[in-house]
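This report is an introduction for a reader who has not seen the structure before. The sequence and the structure come next, followed by a description.

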Amino acid sequence: MESPSRVFAAILPAEVDRGLEVRPAGRDRASHRLRELQMTGTAEVCCPADRASLRVGVSSSKESVSEATSSVSRRLEYILQALRQHGLRDEDTSVRRFLHRDAEQYCMDAEVTVTFSDFEKMERVCRILLEKLDRSVYVGTPQFYHSAECLSQMRQRACVSAVENAQQKAGKVSQLLGQSLGSPLNIKEEKSKEWRTEEEEDEGRRQRFHFPHVPTITASSQVSASFSLRDRSRKKLS
């Protein structure tokens, strides 16, 4: 989506009109006056979440500490083994254990937090754990989010696309004016913003089918760029 552009082009050194402004940028060796074309460019880039955090928990209540610990440890080892078999690294997982007493019984709780970048793999792991461990395991709802690398790349893409947009418009304007577009003289990012995109249609579908929400973030960038402008006929003569 492009915003209205502001164009400043020099045709004659002394001419100033609405939308046209004389902006001499200097002289070359042949004393040909260089002109400057200023243009704005805008761009938007959308990016869905690229990471998901999943919590898997097991617990046991027994009359002795050893029994409670042993029961949890067996299921915990199965969970970690399933994760390793699906290519999850140790740095992608964290484990917490908590032992406490409730009346006459000892309770052992363990929770595994896993970070996924492959959402299909996450679905396979969830299915296997629920099928094998049934009610003895708790599999939470995935929490989707954007990694710092994903956000950085999205901002860069928005800025680069805005510059390309400005250059494309400048090229078309220069052709319309019978000029030749030269090299860029100055490029500046004037405005950038980000917002979370909510899809209302998916909200009802998600509630009916219990689908977790995958957020999308949109980044926009607006740049101003100036390019040197030469008369084509003079360029041929030189």
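Read from the N terminus, the elements of the protein follow the order β-β-β-α-β-β-α-β-β-α-β-α-β-α. The model is a predicted one. In total, the secondary structure comprises five helices and nine strands. Of the 238 residues in the protein, 36% are buried. Among contacts with a separation of 6 or more, 76% are between residues 24 or more positions apart.

**The pair of helices**

Two packed helices are described by the angle between their axes and the distance between the axes. For helix 1 (residues 65-85) and helix 2 (residues 119-133), the angle is about 150 degrees and the axes are 10 Å apart. Helix 1 is therefore roughly antiparallel to helix 2. The crossing of helix 1 past helix 2 is right-handed. Helix 1 brings Arg75, Tyr78, Ile79, Ala82 and Leu83 to the contact, and helix 2 brings Val125, Ile128, Leu129, Lys132 and Leu133. Eight of these contact residues are nonpolar, two are charged and none is polar.

**Paired strands**

Strand 4 (residues 93-102) and strand 5 (residues 105-116) are paired in the antiparallel sense, over 10 bridges. Strand 8 (residues 179-197) and strand 9 also run antiparallel, joined by 15 bridges. One residue and its partner from each of these pairings are listed below.

| Residue | Partner | Strand of the partner |
|---|---|---|
| arginine 97 | alanine 110 | strand 5 |

Threonine 93 belongs to strand 4. The C-alpha atoms of threonine 93 and valine 112 are 6.7 Å apart, although 19 residues separate the two in sequence. Leaving out residues up to four places away in sequence, threonine 93 touches Leu83, Thr113 and Val114. Leu83 is also one of the residues through which helix 1 meets helix 2.

**Positive phi in two loops**

Most residues other than glycine have a negative phi, and most peptide bonds are trans. Alanine 103 is not a glycine, yet has a positive phi of about 60 degrees. Alanine 103 sits in the loop between strand 4 and strand 5, and the hairpin of these strands has two residues between them. With a relative accessible area of 62%, above the 50% cut-off, alanine 103 is exposed.

Aspartate 134 is likewise not a glycine and has a positive phi, of about 50 degrees. Its place is the loop between helix 2 and strand 6 (138-139).

**A residue in strand 7**

Phenylalanine 144 is located in strand 7 (residues 143-145). Is phenylalanine 144 buried or exposed? Its relative accessible area is 14%, and residues under 20% count as buried, so phenylalanine 144 is buried.

Which residues is phenylalanine 144 in contact with, leaving aside its neighbours within four places in sequence? They are Ala49, Arg51, Ala52, Phe119, Met122, Pro212, His213, Val214 and Pro215. Phenylalanine 144 and threonine 115 are 29 residues apart along the chain, and their C-alpha atoms are separated by 9.6 Å.

How values were computed. Residues are numbered from 1 along each chain as its sequence is written. This is a predicted model: local features need pLDDT of at least 70, side-chain atom pairs count only at pLDDT 80 or more; totals for chains, interfaces and linings use all residues. Side-chain values use heavy atoms; hydrogens and water are left out. Axes are lines fitted to C-alpha atoms, for helices over the stretch in contact, and angles run from 0 to 180 degrees between N-to-C directions. Helices (H or I, at least four residues) and strands (E, at least two) are DSSP runs, numbered from the N terminus. Angles under 35 degrees count as roughly parallel, over 145 as roughly antiparallel, 65 to 115 as roughly perpendicular and the rest as oblique. A crossing is left-handed if the near helix is turned anticlockwise from the far one by less than a right angle, and right-handed if clockwise. Contact means heavy atoms within 4.5 Å. Ala, Val, Leu, Ile, Met, Phe, Trp, Tyr, Cys and Pro count as nonpolar, Asp, Glu, Lys and Arg as charged, and the others, Gly among them, as polar. Two strands pair if DSSP finds at least two bridges between them. Buried means under 20% relative accessible area, exposed over 50%, partly exposed in between (1.4 Å probe, protein chains only).
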